[in-house]
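Take a look at the model below. We will go through a cavity first, then some helix packing.

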Amino acid sequence: MEAQDEVSAREQHFHSQVRESTICFLLFAILYIVSYFIITRYKRKSDEQEDEDAIVNRISLFLCTFTLAVSAGAVLLLPFSIISNEILLSFPHNYYIQWLNGSLIHGLWNLASLFSNLCLFVLMPFAFFFLESEGFAGLKKGLRARILETLVMLLLLALLVLGMVWVASALLDKDAASRESLYDLWEFYLPYLYSCVSLMGCLLLLLCTPVGLSRMFAVMGQLLVKPAILEDLDEQMYIVALEEEALQRRLAGLSSPVDYSVVELEQELENVKIFKKKLERRKKASAWERNLVYPAVMVLLLIETSISVLLVACNILCLLVDETAMPKGTRGPGIGNASLSAFGFVGAALEIILIFYLMVSSVVGFYSLRFFGDFIPKKDDTTMTKIIGNCVSLLVLSSALPVMSRTLGITRFDLLGDFGRFNWLGNFYIVLSYNLLFAVVTTLCLVRKFTSAVREELLKALGLHKLHLSRAPRESDTAKPSANGHQKAL
């Protein structure tokens, strides 16, 4: 009887493992297909040749697609876990959701951590070196020579990075036991290295997210149609049409096509056409789209940003009075045993919305920074090198998103797998400083955003506007045609 029970337990364990593996494969296959279509939309079409470089580009494309799929999985990891916990809590004995259990959630977290390490330390460096390799001098050119050069470069890079991490650990932690544990490559070295990378990713999120939260208002203002308050769109359309006709006549009258003035006129004509399309879109928009959608979206963005700052402020108070608010060192009741929010399913839905909002804001803020402005992909005109850089950046941001969300108190869901074993998550001063910096920097960015117009008017009133103390031009001044046919620019 005991033997039969043991056999049935093994069979049940085997079937559960197969079911979980199938679910993980299907989820990753969906993410991979979506990522492939996204990358091919931005990939430069001129890179598609039928030669050795085409094979190299195709391999790099598959590796970038895999990395982007892992990044998307890391973004969806925490929201999927939160909604799964609420579903298991609401329907604990439902037959159709028996596949959704704690073992599957833990497996997804472990796979996300494993694939993130694999992409960050192996696949993306291999794709970059393989794309730039030509083969060692003296060897026959071909794929084998390029693969050999790529492997040698990877080996040298691994030795350099591991040596730097060992030296940094020896300088920061003078304990002999910690230095000896660094010789254990798999159990300590790689998790310690990934912990350092996650800290860098969280610091990058700390820089990008406040900037993105303030930039989201401008981005949504460009995507939506603004209300036409005290504006005559027909008059502006008439002025733009006259200006376009005047520029076309001036271009037709110039004989030399390489003249510098011709280039200026063509650029000015292109700007006028773009502004004309914007006016046509505003004119075709319905009244409810102009007067209802735009204010509603702006108010929604303001509410989400305010809630995020309030949650961070509450988390700061909890850190000062309660040790369980730390992202490391405490374990909750488990998946499907208790709700993570005092408001139940509504609170969990709000947490998921805020997590996605913070991720979108961090991406917007990342591309808004001057140093990363050249990383912005262009449709059908993005090189593979730039695609690799974008995939690595998105992987670092997405891998640090669950850690940042738990550190800021956006959610109370415990970090599973290697995400919850980062050393710096148990440091009270680092976590508290991170929360304080996020709240202060976000507040300063929002204040600077909403007081920019008032600040410019004060500078004009004091006669200091000629000193260019405020570099942020208002949208109404950047591309506003005047009645004399010239375009006003700040």
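Helix H6 (185-223) gives the largest share of the lining of the largest cavity, four residues. Helices here are DSSP runs (H or I, at least four residues), numbered from the N terminus. H6 and helix H11 (384-407) each supply at least two residues of that lining. The lining consists of Leu 120, Tyr 194, Val 197, Ser 198, Gly 201, Leu 395, Val 396 and Ser 399. By class, five are nonpolar, three polar and none charged. Ala, Val, Leu, Ile, Met, Phe, Trp, Tyr, Cys and Pro count as nonpolar, Asp, Glu, Lys and Arg as charged, and the others, Gly among them, as polar.

This is a predicted model: local features need pLDDT of at least 70, side-chain atom pairs count only at pLDDT 80 or more, and totals for chains, interfaces and linings use all residues. Residues are numbered from 1 along each chain as its sequence is written, and side-chain values use heavy atoms, with hydrogens and water left out.

The largest cavity holds about 50 Å³ of space. Across the whole structure, a search finds two cavities of 30 Å³ or more. A cavity is a set of points, on a 1 Å grid over the protein atoms alone, where a 1.4 Å probe fits but cannot get out; lining residues have an atom within 4 Å of a point. A volume is the space filled by probe spheres set on the points, which are joined across faces, edges and corners.

Now H11 and its partner H3. Their axes come within 11 Å and cross at roughly 160 degrees. Axes are lines fitted to C-alpha atoms, for helices over the stretch in contact, and angles run from 0 to 180 degrees between N-to-C directions. H3 and H11 are therefore roughly antiparallel (an angle over 145 degrees). Contact means heavy atoms within 4.5 Å. Leu 120 in H3 is among the residues that meet H11, whose side includes Leu 395, Val 396 and Ser 399. The contact divides into 14 nonpolar, three polar and one charged.

Next, H2. Helix H2 (residues 52-90) packs against helix H3 (residues 102-132) at about 155 degrees, with axes 9 Å apart. That makes H2 roughly antiparallel to H3. Their contact has 21 nonpolar, six polar and no charged residues.

H2 also meets helix H10 (residues 345-368), with axes within 10 Å and a crossing of roughly 175 degrees. H2 is therefore roughly antiparallel to H10. This contact has 12 nonpolar, no polar and two charged residues. Among its members are Glu 86 in H2 and Glu 351 in H10.

How values were computed. Parallel < 35°, antiparallel > 145°, perpendicular 65-115°, else oblique. 1 Å grid on protein atoms, 1.4 Å probe; cavity = no way out; pocket = protein on both sides within 12 Å on 5 of 7 lines; lining within 4 Å.
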